[in-house]
Amino acid sequence: MDRIVSMEVFDRVVETGSFSAAARQMRLSQAAVSKHVQALENWLGARLVNRTTRRISLTDFGAAFHQRCTRVLEDLEEAKQAAGELQTVPKGTLRMTAPISFGKHIEPIIADFMARYSDVAFEVALTDRRIDLVQEGFDLAIRVGRLPDSSLITRPLARSRYVLCAAPIYVERYGKPLHPSELVKHRCLQFSHHTQSEWKFTATEGDISIPIDSRFKSNNADLLLAAARDGQGIMLAPSFHVGRDLRLGRLMPLLEQYVKADVAIHAAYPHSRHLSAKVRCFVDFIVACFKTPPWE
């Protein structure tokens, strides 16, 4: 038998003073109530109650056990209520991960969310490594690009266009490419986290793939952005990463008519029948914030 249920039955027997009254209140047969108490006695190896025709009396062991039993049941009820609050009121620490270059867009959203929900804390891991949320204990991830088949639940957040760009000083020194084929003569900055060795463009003559063998490669998009600002080369990057620099004139777009690709951005979280309020509310919050992407 379920020992927690048996403890609840035993507690009701003590509170009502009889097996029959406990049976009526719990909508059980008197025989079922008796079996629950007997199961506890067998488990404990000691008698809990002295049975009489009218009322029951507790043995010394039964009285001591009832005190402990009451505390256990109260703790369980408190735990149940606390768990219920976690499902309705955002609270606790939300562990999330996002690409390094996307951190600047989620920081203000996190700040606004924490101002609204004072019982929520954040632990954020910025990394371009694809983290296994379940294995590593994360609640939520921001995923940029193609989503592999997985058991994660996803919500679309926004889209970002790709931009080929360089600093004005680079264009002054090396000229402005007029066709994707000219990129093979230029200094290109390559993101080495992926093994992609070609940049793809769309032209009137069809799709074009340009082989890129850069002297400057990095697995860190922020480093490549700094190099692009310094005039070290041409960069192909999502607008969420370079949008501010384009607006401020630190970078200028190139071959705009040939760059047609864009990238999808999703929130992803493990499948759960009972999604916590902190995750549910934050996902709704960030979806609303990205209705008008700040990088555009």
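## A bridge across the chain

Which side chain does Lys278 meet in a salt bridge? The partner is Asp139, with N and O 3.9 Å apart. Bear in mind that this is a predicted model. The pair links distant parts of the chain, 139 residues apart: Lys278 belongs to helix 10, while Asp139 sits in the loop between helix 6 (133-136) and strand 5. Lys278 counts as buried because its relative accessible area is 14%, under the 20% cut-off. Asp139, at 21%, counts as partly exposed.

## The other salt bridges

The count for this model comes to 8 salt bridges. Another one joins Asp262 and Arg159, whose closest N and O atoms are 3.0 Å apart. Asp262 is in strand 13 and Arg159 in strand 6, so this pair ties together parts that are 103 residues apart in sequence. Both ends are partly exposed, with Asp262 at 38% relative accessibility and Arg159 at 48%.

Then there is Glu198 with Lys200, where the closest N and O atoms are 3.7 Å apart. Glu198 is partly exposed at 32% relative accessible area, whereas Lys200 counts as exposed at 53%. Salt bridges also link Arg229, Asp245 and Arg250 in a network.

## The main nonpolar core

Now for the inside. The largest nonpolar core holds 27 residues, and Met96, Ile142 and Phe282 have the most contacts inside it. Several elements each give at least two residues to this core: strand 3 (92-98), helix 5 (103-116), strand 4 (120-126), strand 5 (140-144), strand 6 (153-166), strand 13 (262-269) and helix 10 (277-289). Helix 10 makes the largest contribution, with 7 residues.

What does Phe282 touch, leaving aside residues up to four places away in sequence? Its contacts are Leu94, Met96, Ile109, Ile110, Phe113, Phe122 and Leu140.

## Helix 2 and what covers it

Helix 2 runs over residues 19-26, and its buried residues are Phe19, Ala21, Ala22 and Ala23. The cover over these buried residues includes helix 1 (3-16), helix 3 (30-44), strand 1 (49-51) and strand 2 (56-58).

Arg27 is in the loop between helix 2 and helix 3, and at 80% relative accessibility it counts as exposed.

Leu255 is another residue other than glycine with a positive phi, here near 50°. It lies in the loop between strand 12 (252-254) and strand 13. Is Leu255 buried or exposed? Leu255 counts as buried, because its relative accessibility is 5%. Arg27, by contrast, is exposed at 80%.

Helix 4 spans residues 60-88 and includes Leu76. Together with Ile4 and Val72, Leu76 makes a nonpolar surface patch of about 200 Å². Leu76 counts as partly exposed, since its relative accessibility is 40%.

His66 is also in helix 4, but this residue is buried, with a relative accessible area of 11%. Apart from residues up to four places away in sequence, His66 touches Phe10, Asp11, Val14, Glu15 and Leu58. How far apart are His66 and Asp11 in space, C-alpha to C-alpha? The distance is 6.8 Å, although the two are 55 residues apart in sequence.

How many disulfides does the model have? The count comes to 0. Take Cys188: the closest cysteine sulfur, in Cys165, is 11 Å from its own, so the two are too far apart for a bond. The cut-off for a disulfide is 2.5 Å between the sulfur atoms.

Cys188 is buried, at 7% relative accessibility. Cys69 is buried too, with a relative accessible area of 1%.

Notes
Residues are numbered from 1 along each chain as its sequence is written. This is a predicted model: local features need pLDDT of at least 70, side-chain atom pairs count only at pLDDT 80 or more; totals for chains, interfaces and linings use all residues. Side-chain values use heavy atoms; hydrogens and water are left out. Patches are made of residues with over 30% relative accessible area and no salt bridge: like charges are joined within 9 Å, nonpolar side chains (Val, Leu, Ile, Met, Phe, Trp, Tyr) within 5 Å. Accessible areas come from the Shrake-Rupley method with a 1.4 Å probe; for residues, only the protein chains shown count as cover. A salt bridge is a side-chain nitrogen of Lys or Arg within 4 Å of a carboxyl oxygen of Asp or Glu. Helices (H or I, at least four residues) and strands (E, at least two) are DSSP runs, numbered from the N terminus. Buried means under 20% relative accessible area, exposed over 50%, partly exposed in between (1.4 Å probe, protein chains only). A nonpolar core is a set of buried Ala, Val, Leu, Ile, Met, Phe, Trp, Tyr and Cys residues joined through side-chain atoms within 4.5 Å. Contact means heavy atoms within 4.5 Å.
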